[in-house]
Structure formats: C-alpha cells, structure tokens
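Subject: Structure for you, with notes

Hello,

Here is the structure for you to look through. My notes follow below it.

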Amino acid sequence: ILIMLYYYDIIKLIKSKVGTKNDMTGFGIISVGNEKIGSFSNQLSEDTIKKLSEMSNKAKGKFVWSLNKSSSGYKIYASAQINTLTTGKNYGVVIEELNPKLFIDAFKNVSLGNNSDIFVVDSKGVVILSNDTSLIGTECKDKSIIERIQEKEKDLSNVDDGIKQTKHSFSSGDGSNLVSYAPLSGSDWYVVGVIPYTYLNSESDMLRNNTLIIGLISFIIAMFVALIISQS
C-alpha cells in the first residue's frame, strides 16, 4: 500500500509540473514492462516509445534528442535510459515531450539582417527547428550547407576544442553569405546561422562613406580658403 501511495504521489507531482509548462506536453518514465509513470500525451505512440527506448539504450544513460511526427505535428523528445539504484539493471526510459515552439521562441527575435536565416538541422540535412514551421521535418533547401558542415567536422575531429569554436564558419556556395554553425551536444544537430555579408559589412561601408564625405568636404573648404588667400 505504501508503494502505491508513493507511486500516485509521483504521478501527481509530475502532472502538476507538466501542467504549468505550456510547451512541455509530456514527461515521465516508461518501464521495460511498459508501465507508465507520469503524464504523457496522446501523440506518444507505441512505435515512438519503442524507437526512443532503442535510441536511449544505445546511448547508455546519456540523453538523446530526436524529432518525431505525431498526429498533431512534430514533437521533440529528450530521452535517457535509467537503471535501478539497487541492482543497476535497466529499469526503463525517461521521456520528455516538447513542443518545437519552445526552441523557436528562443531565437525568433534574433536579428542578423535582411534575408538572414537561423535554424537547426541534423546530420542528414533534415530541418529540426525553423522560424518557418512548415519547413520542420523537410530537407534543408541548401544541401551544400550540411555537406560543408560534415566536411568541417571531419577536418576538426582532431583539433583542440578551443580552436574548433573559431572554425565553425564558412562562406555559402554563391559567396554572398557567411554560414556559422554550432554542434548541439547529445545529438547530431547543428544550430546554423546564415548571415549576409552586406549586413556584416554595413558598418564598415558606412564608415568608408562617411570618411569619403568628410574628405570631400575638407577638400572643398581647403580649395575655397586657398582661393580667398590667392585673391587677397
């Protein structure tokens, strides 16, 4: 009876936490015997549970992130294998179901200039997160971006972590944009920012133009003063 009381207390606690977070649509533990402890949405199908369990077991306790399609759209899942404290045996998997909007809101107000873009893509080129939600789950339009990222990561595999951070950028295929990216730990995802060079060079262009204008005005004034002196 005491165990059952603890069991229901845990479920009540989880449901209260999930209910206060609009972007968290489910959280809990699913045992190897398919016993569910927590609050799960209807979008978490048996096929998705099986897929998340397999991925989590391979990660051996580390959290793994994945994008899965449900009846109401795409959901992001963070899952990890959990073991019992007494025997160390696999008890099941803890699963957190999140609305992609939670992550999109984090960078939707980032301004990188006109015609810029920021999104999350996986190693296969599938868009995980984007301001344009219709692109989630589709292939990245510019396939050369993920190809260049994979080339970069291969070249940086034996490079010191401190140096890697300065090497996570390259020019787009047409040379009009700077592409900067950052790997997300625990996944094969990358945050990618596409920034037009016109935006990056706008400050230097403005400084150059101001210098030319000031120089031209100074030249006109100097000529005017020289003309007055020559006529005096």
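**Strands and sheet**

Val120 has Leu129 as its bridge partner in β7. Strands here are DSSP runs of E, at least two residues long, and helices are runs of H or I, at least four residues long, both numbered from the N terminus. Two strands count as paired if DSSP finds at least two bridges between them.

Before going further, some ground rules. This is a predicted model, with local features needing pLDDT of at least 70 and side-chain atom pairs counting only at pLDDT 80 or more, while totals for chains, interfaces and linings use all residues. Residues are numbered from 1 along each chain as its sequence is written, and side-chain values use heavy atoms, with hydrogens and water left out.

Back to β7. Strand β6 (residues 117-122) runs antiparallel to β7, and three bridges join them. Both belong to an open sheet of five strands, ordered β7-β6-β10-β9-β8, with antiparallel pairing. β7 (127-130) and β8 are the edge strands, each pairing on one side only. From one strand to the next, the twist averages 25 degrees. That angle uses axes that are lines fitted to C-alpha atoms (for helices over the stretch in contact), taken between N-to-C directions on a scale from 0 to 180 degrees.

Ser171 faces Leu178 of β9. The two strands make a hairpin with five residues between them. In its turn, Gly175 has a positive phi of about 75 degrees.

β9 also pairs with β10 (residues 189-196), again antiparallel, over eight bridges. Val179 has Val194 of β10 as its bridge partner. This is a hairpin too, with four residues between the strands. Gly186 in the turn has a positive phi of about 85 degrees.

One further hairpin involves β1 and β2. Strand β1 (residues 24-31) runs antiparallel to β2, joined by four bridges. Ile29 has Ile37 in β2 as its bridge partner. Four residues lie between the strands, and Asn34 takes a positive phi near 70 degrees.

**Salt bridges**

How many salt bridges does the structure hold? Three. The term means a side-chain nitrogen of Lys or Arg within 4 Å of a carboxyl oxygen of Asp or Glu.

Glu46 pairs with Lys36, with the closest N and O atoms 3.8 Å apart. Glu46 is partly exposed, at 45% relative accessible area. Lys36 is also partly exposed, at 34%. The classes are buried under 20% relative accessible area, exposed over 50%, and partly exposed in between, using a 1.4 Å probe and protein chains only.

Glu151 forms a salt bridge with Arg148, at 3.9 Å between the closest N and O atoms. Both are in helix α4 (residues 143-155). They are three residues apart, which means a separation of about one helical turn. Glu151 is partly exposed, with a relative accessible area of 46%. For Arg148, also partly exposed, the value is 31%.

Lys143 and Glu139 meet through their side chains in a salt bridge, at 3.5 Å from N to O. Both residues are exposed.

Best wishes
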